[in-house]
Structures are given as C-alpha cells and as structure tokens.
Amino acid sequence: MANTGQRRHRRYEVKDVHGSLLFRTKVRVRNLSVSGLALESAERLQLGRTYAIRLAGEGDAVDVCGTIRWCHLASARPKPGGEPRAVYEAGLAFEGVFSDMAKGLLGFLEHHVVLSPHQRLTGRFRAEALRPAELEARYSFEVLKLSLSGMLVRTSLEASLGDAFEVELALRDGVVPLNGRVAFVQRDDAAKGEVATQLGLEFLEVSESSRGALAKFIASELEHGPGDPVRTGGT
C-alpha cells in the first residue's frame, strides 16, 4: 500500500525485489601475519562477516579477504570538536591461506616486515609501513517499499542514521546503480532465524538512466487502479 504523507513521491509495497549495499570503511592495520591481521576501525564490524581488504605499502599492494573473529570497543577518543569518536579493535582471519592469495601475501610481507615469514610462519608483524586500508563487504537486502526518491529495505547490515552506501538494485531489466543515505533505522523483529534491520534509504544524485529505470519499473510493475491488487516485481 502506498504511503504518501509529505513524501515527494508515492511509495509502493513490493515483493521479490532484491539488491545489495556496498559497505566501505577506512581502517588502520596494527599487525598482520599470513593467517590474519588486527585492525582499528571507526565502525563496529560484524562477527562472522567476510570483508575484502587491500593492503598497500610503498609501490605495492595485495588484495585479501577474511572473516571477523572478534571485535570490541577499544576507546572513545575525542573529535576536534570535542565529541567522542568510537574506536573499535577487531581481528580478521584470512580465507584461503593455502591458496594463490597466500603466495601474494607472503611476497607482500617480505617487503614490509623485519623477519621473513618463511622463518616464522605463524608470527605477527607490526604494520607501521602500511597505508590506511579500506575494508568492504556486500550486504544483500530485500525491498519492502519503493519510490522514485528512496526505499525501505530489510537487511542484515547494522547501519546508523546518515550512513551512505552504494546500492545495486536488481530489477527485471537489469541492475540499477544508485547511492543511498540512511534516513530511518528499525530492528526487524519479523525476520525469522536471523538478525535483521529495516533501513529507510534516501536516494542521492540519481542519474538520468537510473531514474528512468526506476520510473519504468514503477509504471509497468507497481502502479495500479483503485481496488486492484498490488503487482509484484521480479529480480
């Protein structure tokens, strides 16, 4: 059912429409080994979630991925304005440590540690020479309501008001790239067997092609006359 209120565009309830949110955050690597690393982040990272990370030094870099094994609030340092800024410490265990990815990681470590990792395979090494890294992960979502200016989704991502994400919305004619900002957050107790959140996303700087794809989908799949059932979209 549409919810007009003071909204710029009519919202429609939808089913079977999905997509993904791209989560990115800057982190500082404290130490690392061939099996994992410890890092600092301004965001709380989800236990058991897989993240991709690029480790970069002077003139070289390696792409790895791993799973968060532990994460806790380390401190709340003051910002320049005096407000506290959360700092989380987390441990990430690499995936595929005996794969080709590990070979690249070994070569990277040899250029950025004092001891050769071949001499101390399970050792951890300080990472002062590494640049700040970017951690990223994809979170799938289910669309609950959709309009030309935003949507309400159900996802496992734990986000905060004002957070911004790249969005990939899968419609019948293909994937629509968007940018969204979180304007509403609510725990979804109706989700069964998993921790889920309802996020209200406001679309930001929508391109003409993306707006056209949204308008076409709404016109062909969702608009209906009085008393007609709401038609559902597909992926």
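Analyst: Start with a term: a salt bridge is a side-chain nitrogen of Lys or Arg within 4 Å of a carboxyl oxygen of Asp or Glu. This is a predicted model, where local features need pLDDT of at least 70, side-chain atom pairs count only at pLDDT 80 or more, and totals for chains, interfaces and linings use all residues. Residues are numbered from 1 along each chain as its sequence is written, and side-chain values use heavy atoms, with hydrogens and water left out.

User: What makes Arg-30 and Glu-40 a salt bridge?

Analyst: Their closest N and O atoms are 4.0 Å apart. The cut-off is within 4 Å. The pair is listed as a salt bridge. Arg-30 lies in strand S2 and Glu-40 in strand S3 (residues 36-41), so the pair ties together parts 10 residues apart in sequence. Strands (E, at least two residues) and helices (H or I, at least four) are DSSP runs, numbered from the N terminus.

User: Why is Glu-40 called buried, and why is Arg-30 called partly exposed?

Analyst: Buried means under 20% relative accessible area, exposed over 50%, and partly exposed in between (1.4 Å probe, protein chains only). Glu-40 has 10%, so Glu-40 is buried. Arg-30 has 35%, so Arg-30 is partly exposed.

User: How do you know that Arg-44 and Glu-158 form a salt bridge?

Analyst: Their side chains meet at 2.5 Å, N to O. That pair links distant parts of the chain, 114 residues apart. Glu-158 is partly exposed because its relative accessibility is 37%.

User: How many salt bridges does the structure hold?

Analyst: The structure holds 14.

User: What makes the phi of Glu-205 worth a remark?

Analyst: Most residues other than glycine have a negative phi. The phi of Glu-205 is near 45°, a positive value. Glu-205 sits in the loop between strand S12 (197-203) and helix H2 (208-222). Its relative accessible area is 79%, so Glu-205 is exposed. Asp-16 also has a positive phi, near 60°. At 48%, Asp-16 is partly exposed.

User: What makes a group of residues a nonpolar core?

Analyst: The members are buried Ala, Val, Leu, Ile, Met, Phe, Trp, Tyr and Cys residues, joined through side-chain atoms within 4.5 Å. The largest such core here has 45 residues. Leu-37, Tyr-51 and Leu-146 are among those with the most contacts inside it. Strand S8 (residues 133-146) gives the most to this core, with seven residues.
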